[in-house]
Amino acid sequence: LTITIEDPPTGGALKVEISGTDDDVYLGEPIDLTLKVFIESFTDQKLGITLNARDMVSLLRGEFGIFKDAIDEGQIQLQEVRGTTDAGFPTMFYVLSVHATTWPETSGPFTMEPVSVLMNYPLSLVKERGFGFFGGESLKVEQSHLIKAQGEMPTIEVLAPPSADKPAWYS
């Protein structure tokens with residue numbers, strides 16, 4: 001008996017970027033942030049089927065920090081972007097974008113909960129036959145592997161409002 005282990009055609013790329021206010025803000029000013037999750041598209045070569053963006057996003061889980069509420073409410077944008085893998089191969093990426101705004105409550109370095117994204121990236125699919133009169137075929141992930149990405153928070157300093165030249169009514 002000979003067992004051959006082959007690397008999957010793609011390891012599945014998952015990248016996370018957090019951008020937004022990349023400067024100092026004064027206490028009371030909003031901080032606008034954007035989370036972008038880049039997911040390499042997946043095509044099952046045996047079935048000739050490429051999963052769409054919504055299918056791929058449904059395989060994500062993790063800790064989304066400040067972006068959790070917007071994601072739970074479905075306030076996401078999805079787009080397709082052509083790019084290259086780390087190995088230099090051309091591929092399609094699905095980009096999930098989520099915006100969030102927060103108002104810092106204290107001065108000093110702004111900190112937020114870390115963003116850590118996990119994904120059961122598919123390696124193969126299988127078609128399943130449904131039951132009953134309307135039972136059609138559906139796709140199911142047959143094999144997957146877990147990949148992880150973390151977002152780096154931009155450095156933001158929250159400054160106390162200037163004390164010089166304040167109006168008398170300001171406290």
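**View 1. Ser-144 and the residues around it.** Setting aside neighbours within four places in sequence, Ser-144 is in contact (heavy atoms within 4.5 Å) with Asn-120, Tyr-121, Pro-122 and Leu-123. One of these, Pro-122, sits 22 residues away in sequence, yet its C-alpha is 4.1 Å from that of Ser-144. Ser-144 itself belongs to strand S11, residues 137-151; strands here are DSSP runs of E, at least two residues long, and helices are runs of H or I, at least four long, with numbering from the N terminus. Ser-144 counts as partly exposed because its relative accessibility is 35%. For that scale, buried is under 20% relative accessible area, exposed is over 50%, and partly exposed is in between (1.4 Å probe, protein chains only).

A quick note on the model: this is a prediction, where local features need pLDDT of at least 70 and side-chain atom pairs count only at pLDDT 80 or more, while totals for chains, interfaces and linings use all residues. Numbering starts from 1 along each chain as its sequence is written, and side-chain values use heavy atoms, with hydrogens and water left out.

**View 2. Asp-44, buried and without a salt bridge.** Look for Asp-44 in strand S4, residues 43-44. Charge here is simple: Lys and Arg are positive, Asp and Glu negative, and His and the chain ends are not counted. What does the side chain of Asp-44 reach? It gets to the backbone nitrogen of Leu-125, at 2.6 Å. Beyond its neighbours within four places in sequence, Asp-44 is in contact with Ile-49, Ser-124 and Leu-125.

**View 3. The open sheet S1-S3-S8-S7.** These 4 strands pair in antiparallel fashion, where pairing takes at least two DSSP bridges between two strands. Strands S1 (14-20) and S7 (76-84) are at the edges, each pairing on one side only. Neighbouring strands are turned by 25° against each other on average, direction ignored. Zoom in on S7 and S8 (residues 90-102), and you'll find 9 bridges joining the antiparallel pair; among them, Thr-84 is partnered with Pro-90 of S8.

**View 4. Zooming out to the chain.** The protein chain has 2 helices and 12 strands, and 34% of its 171 residues are buried.

Definitions and conventions: Axes fitted to C-alpha atoms, helices over the stretch in contact; angles between N-to-C directions. Salt bridge = Lys/Arg side-chain N within 4 Å of Asp/Glu carboxyl O. Polar contact = N/O pair within 3.5 Å; in protein donor to acceptor, adjacent residues only side chain to side chain.
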